[in-house]
Amino acid sequence: MTTDPLVVFTPSGKRGHFPVGTPVLTAARQLGVDLDSVCGGRGICSKCQITPSYGEFPKHGVTVSEDALSDWNAVEQRYDDKRGLKPGRRLGCQATVQGNVVIDVPPESQVHRQVVRKAATARAITMDPATRLYFVVVEEPDMHSPTGDLERLERALREQWNIDAITADLSLMSKLQPVLRKGKWEVTVAVHKGHKDTVARITEIWPGLHESGLYGLAIDLGSTTIAAHLTDLETGEVNASSGLMNPQIRFGEDLMSRVSYAMMNPGGDQEMTKAVREAINDLTTSIADEAGIDADLIVETVFVCNPVMHHLLLGLDPVELGQAPFALATSESVSLRAREMELTRMNPRAQVYILPCIAGHVGADCAAVALSEEPGKSEDLVLVVDVGTNAEILLGNTSRVLACSSPTGPAFEGAQISSGQRAAPGAIERIGIDPVTKEPRFRVIGSELWSDEEGFDQHIATTGITGICGSGIIEAVAEMRIAGLLDESGLIGSAKQTGTPRCVPEGRTHSYLIHDASAEGGPRITVTQGDIRAIQLAKSALYAGARLLMDNMNVDKVDRVVLAGAFGAHISTKHAMVLGMIPDAPLDKVSSAGNAAGTGARIALCNIAARTEIEQVVREITKVETAIEPKFQDHFVAANAIPHKTDPFPELAQIVTLPSPSFNTGGDDERSGRRRRRRS
């Protein structure tokens, strides 16, 4: 057993043991980690910036000490003096491994930039935002009427726009007089009045008629990704959508790992809060640049997130969410100033609204999905599944709505998969397997061509084939089941059992080979038995959560299924049914809602009446806690089979025939024969 230090890279999850003194960049290259460098390791280009993390990491089974990397050296100091490095950053070509370490590769250091697939969905929204623009003519000061400029502005708003009372921060008052005089007593003001406010607040003022627009951000803060939509507060139009990976991944890929990190590392919650706030600041800058606007025009932000993200965003310790009874610090909506949350890249007086949480494990993101999809207004019984690292599930109609969350884990995002990666150019996202020849064909992100189509190699020359993402691994496992490479229990057959040399031995099990470029120094992409198990656990948790809600509703069938979230928008409904991710339903009744949580955030951003509505709806939703429901485990175990051990899935049988092979780990190969001889 090696005594060399263990190096774990996030967000890829790739790991390996390396001798003391190995440069981090070298370790990354040997593991196939996506870490950029163009200067040959001389500390000039700064492309290989990394962020080491220290403390206890139960998820990775390591404790990282402060001396896990070599000391800061002269090359790094020289670069920091000239161009600056963010606090905590190191250069991967200069820092060397001295002990067990967890290293995050930030988005800007990745050769293949992550594709955060949470684009805005077109939606008709009645515009009634909390922040509006008003053009007013203010009475000039008069020696015979000694009132202040703010009071005369207040009077103008009352007389011209029926706004009864206003207030303003000191930072606004400091610019009030110069702007009034520059505009010759004609100004435009941005006025914010929340749905619970009795007094309006001036957040910005411009001389004359302001025609450069007013904007808000709708942010879906997920465990894995952060997606933002820059929205025009006058028209509701989405001017830009952008996203990035949640940097908290380096503290744990799933929610409970992050709670554990906070429990085991004093100040760990503050560390994670700082990381996510910095990421939101960076995202604000990048989305404003993309849209070509001044970030000061962003005057309001609405957040939706799960309970753990909710607490870490607000700077609240999430420890209570990791143990029964899973108590939230607050389940109500939250309204506050952006500056209170250290969000400094938008207007200095910007306002923040965070939707209410439903329960300790069912967050504001689920509330946003309820606002967007409105299951409580549906005449038929609809199951809404927001697929992600932590799945949020709603079931309801006009009679009542139930909600729960289910810990699916990061496998659907490509994590914990042997050849898995996040969605990025070069990642396999679609796959088909010929049921006769057992040969695969696939498509990668960045190309519309399939691997067996003419011109494919030239089309992917810049990206290559780098791994397999979440939608790709789902389709791969489902296609293996359809092609007879996988039995109902999830066991991969041997080459002799399946009739293809692509099923290769791997220890005591087998793997299916999708792509092999190892001869050219490229990746060897396989689906291993461990990958199948990870997908089984994830899909079983998803199915069990949905089935638990159906039990509480006393039904065996649902009328329709809506798949929400970025992952739900990209997965094939047929493959989801083959896997048994969701209860059986007619395929024409299974649809995608895109980023429903992000849509809910936009609705709340653009319409203050929607905030009152969702706060009422949340109080009426029945919460089901999967962690304490005995039936959840029963459903989970039965759902480990593909598609399911006891559910016949009659709708699925109408569109695809699943073979019924039964593979033994040894089968009739030589190892099996040796075992039989030993037993005799």
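**View 1. Three strands, β22, β21 and β23, form an open sheet.** The order is β22-β21-β23, and the pairing is mixed. Strands here (E, at least two residues) and helices (H or I, at least four) are DSSP runs, numbered from the N terminus. Two strands pair if DSSP finds at least two bridges between them. This is a predicted model: local features need pLDDT of at least 70, side-chain atom pairs count only at pLDDT 80 or more, and totals for chains, interfaces and linings use all residues. Residues are numbered from 1 along each chain as its sequence is written, and side-chain values use heavy atoms, with hydrogens and water left out. The edge strands are β22 (440-444) and β23 (467-468), and each pairs on one side only. Strand β21 (residues 427-433) pairs with β22 in the antiparallel sense, over 5 bridges. Find Ile433: its bridge partner in β22 is Pro440. Helix α10 (residues 470-482) lies across β21 and β23 and runs at about 15° to β21. Axes are lines fitted to C-alpha atoms, for helices over the stretch in contact, and angles run from 0 to 180 degrees between N-to-C directions.

**View 2. Strands β24 and β25 form a hairpin with 2 residues between them.** Strand β24 (residues 503-506) and strand β25 (residues 509-516) run antiparallel, joined by 4 bridges. Val504 stands opposite Ser511 in β25. In this hairpin, Gly507 takes a positive phi near 65°.

**View 3. Five strands form an open sheet in the order β2-β1-β7-β3-β6.** The pairing is mixed. Strands of a sheet pair through backbone hydrogen bonds, either parallel or antiparallel. β2 (15-17) and β6 (90-91) are the edge strands, each pairing on one side only. β3 and β6 run antiparallel, with 2 bridges between them. Gln49 has Leu91 as its bridge partner in β6. Helix α1 (residues 24-31) lies across β1 (6-10), β2, β3 and β7 (101-104). This helix runs at about 75° to β1.

**View 4. Helix α3 packs against helix α4.** α3 covers residues 149-161 and α4 covers residues 170-182. Their angle is about 70°, and their axes are 10 Å apart. That makes α3 roughly perpendicular to α4; angles of 65 to 115 degrees count as roughly perpendicular, under 35 as roughly parallel, over 145 as roughly antiparallel, and the rest as oblique. Asp149, Leu150 and Leu153 in α3 meet Met173, Leu176, Gln177, Leu180 and Arg181 in α4. Contact means heavy atoms within 4.5 Å. The residues of this contact divide into 5 nonpolar, 1 polar and 2 charged. Ala, Val, Leu, Ile, Met, Phe, Trp, Tyr, Cys and Pro count as nonpolar, Asp, Glu, Lys and Arg as charged, and the others, Gly among them, as polar.

**View 5. Helix α8 packs against helix α15.** Residues 364-373 make up α8, and residues 596-606 make up α15. The angle is about 75°, with the axes 7 Å apart. The two helices, α8 and α15, are therefore roughly perpendicular to each other. Residues of α8 in the contact include Ala368, Val369 and Leu371. On the α15 side, Gly600, Ala601 and Ile603 are among them. The contact divides into 8 nonpolar, 3 polar and 2 charged residues.
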